[in-house]
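Subject: Structure handover

Dear colleague,

I am passing on the structure we spoke about. Please look through it first; my notes follow below it.

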Amino acid sequence: MSLQCGIIGITNVGKSTLFNCMSNTKVETTNFAFSSSKSNMGIINVPDNRLNELDKIQPTEKLIPATVEIVDIPGLTKGANQGEGVGNKFLGDIRNTDALIHILRCFDDENLPHVDGSVDPVRDIETIDFELQVKDVESVEKKIQRYKKLEKIGDKDAKHGIEVLNGLKEHLEGMQNARSCEVSDGDKKHLDDLFLLTAKPIIYVCNVDDASATTGNAYVEKVKEALKDQNTEVLIIAGKLEAEISDLEDLEDRKEFLSDAGLDEPGVNKLIRSAYSLLNLMSFFTVGPKEIRAWTIKKGMTAPQAAGVIHSDLERGFIRAEVMKYDDYITIGSEVKVKEAGKFHVEGKNYIVDDGDILNIRFNV
Ligand SMILES: Nc1nc2c(ncn2[C@@H]2O[C@H](COP(=O)(O)OP(=O)(O)OP(=O)(O)O)[C@@H](O)[C@H]2O)c(=O)[nH]1
Ligand SMILES: [Mg+2]
């Protein structure tokens, strides 16, 4: 199971800069508009301090964090849907993602002109939203045409489907995103196969100057005001500072740098965790002397499905899961004592795995 988070935004707002801070692969960042000419894929480790806590109780050789895929998508611009800038070929890359991180330029820098002449993150949100909405209207219209053909040959569902889609189309044409369109659960089936760009879950990241890393600035306030009615997260990150921090190899140097900036951890760590939860993901652990590992699953997965993330044999031959809750293990201090305390659970195939569960899968193939 690989879920993907896409980084989007206007050109030259710091997308590649932040991608480099998070990802295991590095790409070029430049002062030129549209410097990225293809989407770049990377893998990010999900920072999780629980791994270190588990290591204190069960010393191990390797700590392996959970991972998520991230794609740095080249900058969009006004008219991208008509081929402006790098055009719309990247709108397809956005379609393939499961969630979006929208980076907003919230810093002044006279050496780095903004393509639209001034720094205005609220206008930038509208610019990007509009490009995506235009694309979504196209998708909806195509589906309406398909339904009209079905209606002609007597399909009963098609008429209602057309009504639902027309409602959505109007919503989009009113400069609204599909994610804010109210559609009843029963009607969602008409939209499922559209993979609408503006329906994807999204986080906004205000890329600020170093001095505003903890406080934000006037641009951030405007962004928050503009998004206040949307149920969305707005994070503040000082991209340039983050890049400098991630370049430091030495852990102590990093700590000092962070505390000078007034941060208790890199802003990108927070961003990664937010993206992880936006993707509806969580982690369970396997714990042993060779490795302690965090595994990524979707919320609501059962024990056999979670076992299948480790290896398909474990799902196929699943017998039972032995489960310890992370908090029990940490406070009680060992597997033996957890058992003595009656908090070691044996669960069957209907068990829904919880975030932080420590699992041992019993299987037979
Ligand atoms: N002053 C300042 N400059 C930044 C910041 N973040 C990025 N930059 C600079 O902005 C320029 C563009 O950054 P990139 O990360 O390449 O921008 P991008 O959004 O990937 O741009 P495209 O790929 O061209 O769309 C680089 O020169 C960065 O050093 C920041 O927080 N403050
Ligand atoms: Mg770039």
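Phe195 sits in the loop that links helix H5 (156–173) to E6. Note before going further that this is a predicted model. The phi of Phe195 is positive, about 45°, although the residue is not a glycine. With a relative accessibility of 52%, Phe195 counts as exposed, the cut-off for that class being over 50%.

A second residue of this kind is Asn280, which is not a glycine either and has a positive phi of about 70°. Asn280 belongs to the loop between helix H9 (267–278) and E8. Its relative accessibility is 40%, so Asn280 counts as partly exposed.

On the sheet: six strands form an open sheet in the order E2-E4-E1-E5-E6-E7, and the pairing is mixed. Strand E2 (40–45) and strand E7 (233–237) are the edge strands, each of them pairing on one side only. On average, neighbouring strands of this sheet are turned by 25° against each other, direction ignored. Opposite Gly42 stands Ile70 in E4.

Helix H1 (residues 15–22) lies across strand E1 (4–8), E2, E4, strand E5 (99–106), strand E6 (202–208) and E7. Relative to E4, H1 runs at about 160°.

Next, a helix pair. Helix H4 (residues 121–152) and helix H6 (residues 218–226) have axes that come within 8 Å and cross at roughly 45°. H4 and H6 are therefore oblique to each other. From H4, the residues in this contact are Pro121, Val122 and Ile125; from H6, they are Tyr219, Lys222, Val223 and Ala226. By class, the residues of the H4 contact with H6 comprise six nonpolar, no polar and one charged.

Last, helix H10 (residues 303–310). Which of its residues are buried? They are Ala303, Pro304, Ala306 and Ala307, where buried means under 20% relative accessible area. Viewed down the axis of H10, these buried residues fall within an arc of 160°, so they line one face of the helix. The elements that cover them include strand E8 (281–287), strand E9 (291–298), helix H11 (312–316), strand E10 (318–324) and strand E12 (358–363).

Regards

Key: Residues numbered from 1 in each chain as written. Chains lettered and ligands numbered in written order. Predicted model: local features only at pLDDT ≥ 70, side-chain atom pairs only at ≥ 80, totals over all residues. Heavy atoms only, no water. Axes fitted to C-alpha atoms, helices over the stretch in contact; angles between N-to-C directions. Helix = DSSP H or I, 4+ residues; strand = E, 2+ residues; numbered from the N terminus. Parallel < 35°, antiparallel > 145°, perpendicular 65-115°, else oblique. Contact = heavy atoms within 4.5 Å. Nonpolar A, V, L, I, M, F, W, Y, C, P; charged D, E, K, R; others polar. Buried < 20%, exposed > 50% of the residue type's maximum accessible area, 1.4 Å probe, protein only. Arc of directions from axis to C-beta. Pairing = 2+ DSSP bridges.
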